[in-house]
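Biologist: I am new to this one. Could you put it on the screen and take my questions one at a time?

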Amino acid sequence: MKKARVGESKRRIVLARARGACEYCRSPVRYSVQSFSVEHVLPAAKGGASSLENLALACQGCNGHKYTKTSGRDPLTGKTVPLFHPRRQRWRDHFVWSDDFLIVIGRTPIGRATVQALHLNREGLVNLRGLLYPCGEHPPADFDGEE
Ligand SMILES: [Zn+2]
């Protein structure tokens, strides 16, 4: 499988647009021990272009779990639905934080399927949210994820 390259100027735009947070789990780049990826929302292996409308910032965990997936199973209905698309959809329309801000809860079929497929409540993420919250570094400021 040929790996699509994303140029440095596009990487910078994607990073700024995402305001330094994974566009799926919303974890901040500056508190991550691993570098983030500029990922193809529609995977390059499935014909996704390296255009800004198809690129998103993802932490290594989300990127690894997403891999070439474009759909997932809604655990509530059992139906297969598309995964969250950070360019075409708003995070807050599909996800909400738990009352203690530790857990991402899917509020739509797309949200629930994405929480499950990308494992948005991985142990390390939940622990990080718990540490960042008292410092005022979590949850991240709301954003549309749109231009
Ligand atoms: Zn992530």
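Biologist: Which protein donors hold the zinc ion, and how far from it do they lie?
Modeller: This is a predicted model, where local features need pLDDT of at least 70, side-chain atom pairs count only at pLDDT 80 or more, and totals for chains, interfaces and linings use all residues. Residues are numbered from 1 along each chain as its sequence is written, and side-chain values use heavy atoms, with hydrogens and water left out. Donors are N, O and S atoms within 2.8 Å of the metal (3.2 Å for Na, K and Ca); water is not among the atoms, so sites may look incomplete. Here the SG atoms of C22, C25, C59 and C62 are the protein donors, at 2.3 Å.

Biologist: What is the geometry of the zinc site?
Modeller: Four donors count as tetrahedral if all angles lie between 85 and 135 degrees. The ideal angle for four tetrahedral donors is 109.5 degrees. Among the four donor atoms here, the angles run from 102 to 118°, and the site is tetrahedral.

Biologist: What spacing do the donors follow along the chain?
Modeller: The donors are C22, C25, C59 and C62. Written along the chain, their spacing is C-x2-C-x33-C-x2-C.

Biologist: Is C25 buried or exposed?
Modeller: Buried means under 20% relative accessible area, exposed over 50%, and partly exposed in between (1.4 Å probe, protein chains only). C22 has a relative accessible area of 0%, so C22 is buried. C25 is also at 0%, so C25 counts as buried.

Biologist: Which residues does R122 contact, leaving aside its neighbours within four places in sequence?
Modeller: R122 sits in the loop between helix 4 (109-118) and helix 5 (123-132). R122 counts as buried because its relative accessibility is 19%. Contact means heavy atoms within 4.5 Å. With those neighbours set aside, the partners of R122 are C25, C59, G61, C62 and H65.

Biologist: How far apart in space are R122 and H65?
Modeller: In sequence, 57 residues separate R122 and H65. From C-alpha to C-alpha, the separation in space is 11 Å.

Biologist: Which backbone oxygen does the side chain of R122 reach?
Modeller: A polar contact is a pair of N or O atoms within 3.5 Å; within protein, one must be able to donate a hydrogen and the other to accept it, and residues adjacent in sequence count only if both atoms are side-chain atoms. The R122 side chain makes such a contact at 2.9 Å, and the oxygen belongs to L118.

Biologist: Which residues of helix 4 are buried?
Modeller: Helices (H or I, at least four residues) and strands (E, at least two) are DSSP runs, numbered from the N terminus. Helix 4 is mostly covered, with eight of its ten residues buried. Its cover includes helix 2 (60-66), strand 3 (71-73) and helix 3 (91-94). The buried residues are I110, G111, R112, A113, T114, V115, A117 and L118.

Biologist: Which residues does T114 contact, apart from neighbours within four places in sequence?
Modeller: T114 lies in helix 4. T114 counts as buried because its relative accessibility is 0%. The T114 side chain reaches the backbone oxygen of I110 at 2.7 Å. Beyond the sequence neighbours, T114 contacts Y24, L83, F84, F95, H119 and L120.

Biologist: In what order do the elements of the protein run?
Modeller: The protein has five helices and six strands. From the N terminus on, the order is α-β-β-α-β-β-α-β-β-α-α.

Biologist: How much of the protein is buried?
Modeller: The protein has 147 residues. Its C-alpha atoms fill a box of roughly 40 × 35 × 25 Å along the principal axes. Buried residues make up 42%.

Technical notes:
Tetrahedral: all angles 85-135°; square planar, octahedral: opposite > 155°, others 65-115°.
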